Amino acid sequence: MLVVDFHTHSIQSMHAINTLEELLNCAWKKNIQAMAITDHSPGIDNTLHYLQNADKFPQDFRRIKGPDYHYFHVLLTRYQSPLEIPVQLFKGIECSILSHSERSTDLPLKLAPLLDIVIGSVHTLPHLFQFQNREQVTEKMIAAMVEPIDIIGHPCQEKSCPNLEPVVKKAAESGIAMELNYCSLHLKKANIKDTTEMLKLAVKYDCSISLGSDAHMSNELGRDDESKVLLNELNFPPELIVNVSLESARTFVASRKKIRQDNLTN
Ligand SMILES: [Zn+2]
Ligand SMILES: [Zn+2]
């Protein structure tokens, strides 16, 4: 079980099951010390865009909805987790890396300085990322690293895996962590070969790794079964894992948030 889970979704992501407070309560029961709530950015639904373009998209896209900008604003400016639940909450977002846009992600920039954690991921949905080949994903992931993101989410999914060496190298240079994602491995969206290669490259280039369950329901919260097997097999250095402890997670969040705030004020 993870000590700190940096990637979770609440019912706000529409295709997830539990409320934020159900997840917090569940984390407490599982002895998870901290969790980041990282619901999908408005771009995965982008209600206005959706309403204007619904007829242009295939049926499976029409079912996809997510929280709007105001949800994040309320979460970031007004929400406090219940005092009786001793689980630290990091308020985050999972934004999408875009393939055909002037911007490289759909992160709402006004929210960026307030967020504790920003994950940037490729989601191969027609309005977000139209996959061409590994070179294209490599280019777009590297381009996204100039945005204020902290973690590249589920980088080893087979449908959207980049050439890992240049991506890991650039992440290391940028202080961005590569994610070892439980659900990707558990649901077999990512293969062991690519994931192992990513971890070996992380050691080679001194690149940080972030552990996330990518839970879409409480029973997945904090899970790391398959992730732990790989880390143990490789004897992976714990000092490269940004959320190996509550203390290291807090240090990572504070340093990345400061970079994000400094970048946006300059
Ligand atoms: Zn994702
Ligand atoms: Zn996710």
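This is a walk through one predicted model, one selection at a time.

Residues are numbered from 1 along each chain as its sequence is written, while chains are lettered from A and ligands numbered from 1 in the order in which they are written. Because the model is predicted, local features need pLDDT of at least 70 and side-chain atom pairs count only at pLDDT 80 or more, whereas totals for chains, interfaces and linings use all residues.

**Whole protein.** Colour by secondary structure: the protein has ten helices and seven strands. Helices (H or I, at least four residues) and strands (E, at least two) are DSSP runs, numbered from the N terminus. Of the 266 residues, 47% are buried. Buried means that 20 or more other C-beta atoms lie within 10 Å of the residue's own, exposed that 12 or fewer do, and partly exposed is in between, with C-beta atoms placed from the backbone. Two residues are in contact if those C-beta atoms lie within 7 Å. Among contacts between residues at least 6 apart in sequence, 81% join residues at least 24 apart.

**The sheet.** Select the seven strands. They form an open sheet in the order E1-E2-E3-E4-E5-E6-E7, with parallel pairing; two strands pair if DSSP finds at least two bridges between them. E1 and strand E7 (209-212) stand at the edges with a single partner strand each, so one side of each has no neighbour in the sheet. From one strand to the next the twist averages 30°, taken between N-to-C directions on a 0 to 180 degrees scale, with axes as lines fitted to C-alpha atoms.

**E1, H1 and E2.** Select strand E1 (4-8), helix H1 (residues 20-29) and strand E2 (34-40). E1, H1 and E2 make a right-handed β-α-β unit: with the strands pointing away from the viewer, the path from the first strand over the helix to the second runs clockwise. E1 and E2 are parallel and share three bridges, and Asp 5 stands opposite Met 35 in E2. Five of the five residues of E1 are buried, so E1 is largely enclosed by the rest of the structure. The count for E2 is seven of seven, so E2 is largely enclosed too.

**One side of H1.** Show Leu 20, Leu 23, Leu 24, Cys 26 and Ala 27, the buried residues of H1. They lie on the same side of H1 because they cover an arc of only 165° around the axis, the arc being that of the directions from the helix axis to the C-beta atoms. These buried residues pack against E1, E2 and strand E3 (88-96). Asn 31, which follows H1, has a positive phi near 60°.

**Further along the sheet.** E2 and E3 run parallel, joined by seven bridges; His 40 has Glu 94 in E3 as its bridge partner. Strands E4 (residues 117-121) and E5 (residues 151-153) are also parallel, with three bridges, and Gly 120 stands opposite Ile 152 in E5.

**The core.** Finish with the largest nonpolar core, which has 66 residues. A nonpolar core is a set of buried Ala, Val, Leu, Ile, Met, Phe, Trp, Tyr and Cys residues joined through C-beta atoms within 7 Å. Met 35, Ile 117, Ile 149 and Met 178 have the most contacts inside the core. H1 supplies its largest share, five residues. Which residues surround Met 35, leaving aside neighbours within four places in sequence? Met 35 is in contact with Asp 5, Thr 8, Leu 23, Ala 27, Val 87 and Leu 89.
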